Amino acid sequence: MKLIKFIMILQHMKARCGIYPRSTIQRFSVPDDKVSWNVEYKEYNPPNYTSASIYGKPWADPDIADSNFKPNWNSLDGNVNRKSHMGLYQITNGYPINPVGRTGICGRGVLGRWGPNHAADPVVTRWKRLNNGEMEIDKLNNKPILQFIAIKRGDTGEWALPGGMVDPGEKVAATAVREFQEEAMNSFVATEEQKAEWSQIFDKFFSGGVEVYSGYVDDPRNTDNSWMETVAYNFHDHDGSTVGKLKLNAGDDAVGVRWVDITPDIKLYASHKDIVEEVSKRLTLE
Ligand code: BGC
């Protein structure tokens with residue numbers, strides 16, 4: 001049975017704080033009690049911002065006002081998935097509306113799609129081991145320590161899951177595996193010999209993913225009209241004999257990669273902390 005867990009994001013924090021990424025645009029202030037669209041906020045007057053850098057990109061939509069742009073909201077629109085994991089989203093004056101609430105900015109910011117922008121995240125885990133191969137036990141709670149593969153994002157410098165955007169028409173699970181290979185193994189520069197060696201390990205290991213989250217992500221790039229969603233899969237190397245042994249090598253958008261202990265004080269990009277904690281809960285209960 002496929003296990004699906006929705007981590008309920010009732011509010012967003014990172015999606016309504018301060019200056020919008022890669023810009024000097026200040027978000028309009030949205031206090032906690034004004035996030036919901038159901039609460040009246042008469043003074044609400046968010047700046048409208050769409051980065052010049054996204055125009056003409058193959059992964060970006062045209063402007064809503066463009067008469068050639070006829071999106072099918074809440075549907076699979078050709079190869080582009082405009083469905084949300086959060087249910088049906090509203091369209092107001094032609095613009096899709098963020099299902100979690102106000103973000104203090106409208107337009108698309110640096111995101112390519114109006115409405116949901118879909119990503120996939122691999123959570124590759126192993127138990128931390130001592131040099132003699134035995135599992136290391138956390139002295140504070142007497143439990144084994146779970147580790148996952150994190151990359152350092154080139155854009156914000158934060159540690160994150162090695163995920164990425166789903167290409168049009170691509171299966172989400174395939175995105176998770178492709179992104180892992182690009183960002184954590186630097187598959188772009190790998191030799192044919194290395195790739196052949198990995199494929200023996202990867203094919204089996206990555207066919208055993210468990211879906212642990214699908215839904216909205218509290219991402220700093222979100223706006224009132226464009227937002228990130230992800231599907232996260234856990235791939236667990238129970239005895240540390242496969243991926244747990246591989247040499248990691250940061251590539252693509254990543255500037256660093258390492259195994260990170262999952263501890264309560266961990267700090268990660270967007271909602272990735274919620275996702276790894278969910279994985280940790282599941283594996284510790286097994
Ligand atoms: C990242 C994913 C992340 C998503 C939402 C993408 O750019 O690659 O790891 O889950 O954004 O924040």
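In what follows, Ala, Val, Leu, Ile, Met, Phe, Trp, Tyr, Cys and Pro count as nonpolar, Asp, Glu, Lys and Arg as charged, and the others, Gly among them, as polar. The structure is a predicted model, in which local features need pLDDT of at least 70 and side-chain atom pairs count only at pLDDT 80 or more, while totals for chains, interfaces and linings use all residues. Residues are numbered from 1 along each chain as its sequence is written, and side-chain values use heavy atoms, with hydrogens and water left out.

At Gly163 a polar backbone atom is 2.9 Å from an oxygen atom of the ligand. Taken alone, the ligand exposes 310 Å², of which the protein buries 96% (accessible areas by the Shrake-Rupley method with a 1.4 Å probe).

The space taken by the ligand is the largest pocket, a molecule being placed in a pocket if more than half of its atoms lie within 2 Å of the grid points. A pocket is an open set of points on a 1 Å grid over the protein atoms alone, where a 1.4 Å probe fits, with protein on both sides within 12 Å along at least five of seven lines; lining residues have an atom within 4 Å of a point. The largest pocket has a volume of about 1200 Å³, volume being the space filled by probe spheres set on the points. Of its 50 lining residues, His118, Ala119, Gly164, Met165 and Val166 are the closest to the centre. The lining comprises 20 nonpolar, 14 polar and 16 charged residues. Strand E7 (115-127) gives the most to this lining, with 6 residues. Other elements that supply at least two lining residues include helix H1 (172-184) and strand E14 (226-237).

Technical notes: Helix = DSSP H or I, 4+ residues; strand = E, 2+ residues; numbered from the N terminus. Polar contact = N/O pair within 3.5 Å; in protein donor to acceptor, adjacent residues only side chain to side chain.
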